[in-house]
Amino acid sequence: MTQSEALDILKLGYNIFLTGPAGSGKTFLLNKYIEYLSQQNIKVGVTASTGIASTHLNGRTIHSWSGFGIKDELSSQDMRKLLYSPQFRKRILSTKVLIIDEVSMLHAHQLDLVNKICMKVRNNPAPFGGLQVVLSGDFFQLRPVARGGQETYFVSSSDAWSEMGINVCYLGDCQYRQKDDNFIKLLNEIRKNKVSPANKKMLLGRKDSMTKNFIKPAKLLTHNNDVNAINSFELAKIKGKQKSYSMTFIGQEKLVNSLKNGCLAPEKLVLKKKAIVMFVKNNFEKGYVNGTMGEVVGFNKDSYPIIETISGNRITARPLSWELKEDEHELARITQIPLRLAWAITIHKCQGMTLDMAEIDLSRAFDYGMGYVALSRVRSFSGIKLLGINDLSFQVSEDAIELDKSLRKLSKKTEKNLEKMGIKKKREIQEDFVLKSTDKNQPYDHENNEEEDDEDQDEDHRVEYIDIEEIPF
């Protein structure tokens, strides 16, 4: 399915699962849809399963948005606290579209929890209380993190998934990150757990290969302690003065901390001339994206670092902000130079990045998909230097493979239904969704409105409420 077709389907207001290989443009398309909803004055909850992923969309974690935080379940007392929080109720009630990115890392029971919370707060027994829900992700990438040996299940195993009448949009007609056909073939073989001997040999041939550039590539590693040790060691080796940049922030402490945790820029950034760095935010006008590598070659008169990128461009890195907004109101903001030390980075934190080159160590890979995520970050096969590998590096989940077959078929069905619909009918449904989703059709919050209902209110705009106790929780 093309991005244009998928965007048309999103605009219909259907519940959607947007998927496709790494580099197929899922996040780009979500941002296009968010922009469209904003232009139509439709309130959208922009979330992701992790803080890092949420910053790619200028959103927040689904755990924060839906109020369950770090809990795996909510007691009746917990639920009452949410129900009697005016700010929380307003957020859920004013939202018309809920986006959850990187759902491969969200547990099935967590999606069910979000569903039940939305149903109760909105007093609507429809899935997610009647919201349009857009899930996005790739089940071949990193899986939900297991806690205490618990079994993990994809969101496709949840009750909510089966109840929400989901339409699948599988992006696959264009690859925006890699252009090397042989490299793309290797990545596709990994997705099938069928790496050919020839392609395995080709990848192993990158072991200890030198990437030709004046900047040493970032090491992609499996463990955070190794990353921190390498970055600290390499910075200490450089002689000369260091410059420090402290993050500034405003807003509620809990929300500020959420932004800090999701932002790859450190709270205190320490740089020296000749330090290897990586941009951690997109700024197309200035010529860099999340993952652009460079070296600090100096500092300007305002003490901002000047970065020479791999492509030879010189960019002055100035502070940028990460914001958390709700209904166009800013709730929290952090501001920092959008850089981090980049001699090394973990594979978990590089998900969503695009790298020109990388030194990849998979000798300690401990879960399915880690090899696929690390390799698929790099633009070209020639940009990879392989430091180590184990058998798990080539493997993805068998559950993901079976699920992928089903998702491809469902996506073809979605395409055919769109084609049968015709242009006129499609536009009518899209316009009707916009009309129903504008502010004048917000659900009535009878818990926090002391005014009596207008007896002459248009029946079409009434919302039928049920007792929250009737919804199982």
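This is a predicted model: local features need pLDDT of at least 70, side-chain atom pairs count only at pLDDT 80 or more; totals for chains, interfaces and linings use all residues.
User: Let's start with the whole thing. How many helices and strands are there, and how much of the protein is buried?

Analyst: The protein has 15 helices and 20 strands. Of its 473 residues, 53% are buried. Also, among contacts with a separation of 6 or more, 74% link residues 24 or more positions apart.

User: Why are H9 and H10 called roughly perpendicular?

Analyst: Look at the angle. The axes of helix H9 (residues 181-191) and helix H10 (residues 197-204) cross at roughly 115°. The label covers 65 to 115 degrees, so H9 and H10 count as roughly perpendicular to each other. Their axes come within 10 Å, and H9 passes H10 in a left-handed crossing.

User: Which residues meet there?

Analyst: From H9 you have Asn-182, Lys-185, Leu-186 and Glu-189, and they meet Asn-199, Met-202 and Leu-203 of H10.

User: Why do S3 and S6 count as edge strands?

Analyst: Start with the strand order. This open sheet of six strands runs S3-S2-S4-S5-S1-S6, with parallel pairing. Strand S3 (60-61) and strand S6 (167-170) each have a single partner strand, so one side of each has no neighbour in the sheet. Helix H15 (residues 398-437) packs on the sheet and touches S1, strand S4 (97-101), S5 and S6. The direction of H15 makes about 105° with that of S6.

User: How do you know that S1 and S5 pair?

Analyst: Count the bridges. Pairing takes at least two bridges, and strand S1 (residues 16-19) and strand S5 (residues 132-136) have three, in the parallel sense. In that pairing, Ile-16 stands opposite Val-134 of S5.

User: What makes you say both faces of S11 are covered?

Analyst: Check each side. Ile-276 and Met-278 lie on one side of strand S11 (residues 276-279), with Val-277 and Phe-279 on the other, and all of these are buried. Buried means under 20% relative accessible area. S11 also has antiparallel partners: three bridges join S11 to strand S12 (residues 293-299), and three join S11 to strand S17 (residues 339-341). Val-277 stands opposite Gly-294 in S12, while Met-278 stands opposite Arg-340 in S17.

User: Why is S19 called largely enclosed?

Analyst: Four of the five residues of strand S19 (residues 358-362) are buried, so the rest of the structure largely encloses S19. Glu-359 is the bridge partner of Lys-219, and Lys-385 in S20 is the bridge partner of Glu-359.

User: Which residues have the most contacts inside the largest nonpolar core?

Analyst: They are Ile-117, Phe-128, Leu-135, Leu-220, Leu-339 and Ile-360, in a core of 109 residues. Helix H7 (residues 108-122) gives the most to this core, with six residues. Leaving aside neighbours within four places in sequence, the contacts of Ile-360 include Leu-220, Ala-374, Val-378 and Leu-386. A second, separate core has 26 residues, among them Leu-18, Leu-30, Ile-42 and Val-434.

Key. Residues are numbered from 1 along each chain as its sequence is written. Side-chain values use heavy atoms; hydrogens and water are left out. Helices (H or I, at least four residues) and strands (E, at least two) are DSSP runs, numbered from the N terminus. Contact means heavy atoms within 4.5 Å. Axes are lines fitted to C-alpha atoms, for helices over the stretch in contact, and angles run from 0 to 180 degrees between N-to-C directions. A nonpolar core is a set of buried Ala, Val, Leu, Ile, Met, Phe, Trp, Tyr and Cys residues joined through side-chain atoms within 4.5 Å. Buried means under 20% relative accessible area, exposed over 50%, partly exposed in between (1.4 Å probe, protein chains only). Angles under 35 degrees count as roughly parallel, over 145 as roughly antiparallel, 65 to 115 as roughly perpendicular and the rest as oblique. A crossing is left-handed if the near helix is turned anticlockwise from the far one by less than a right angle, and right-handed if clockwise.
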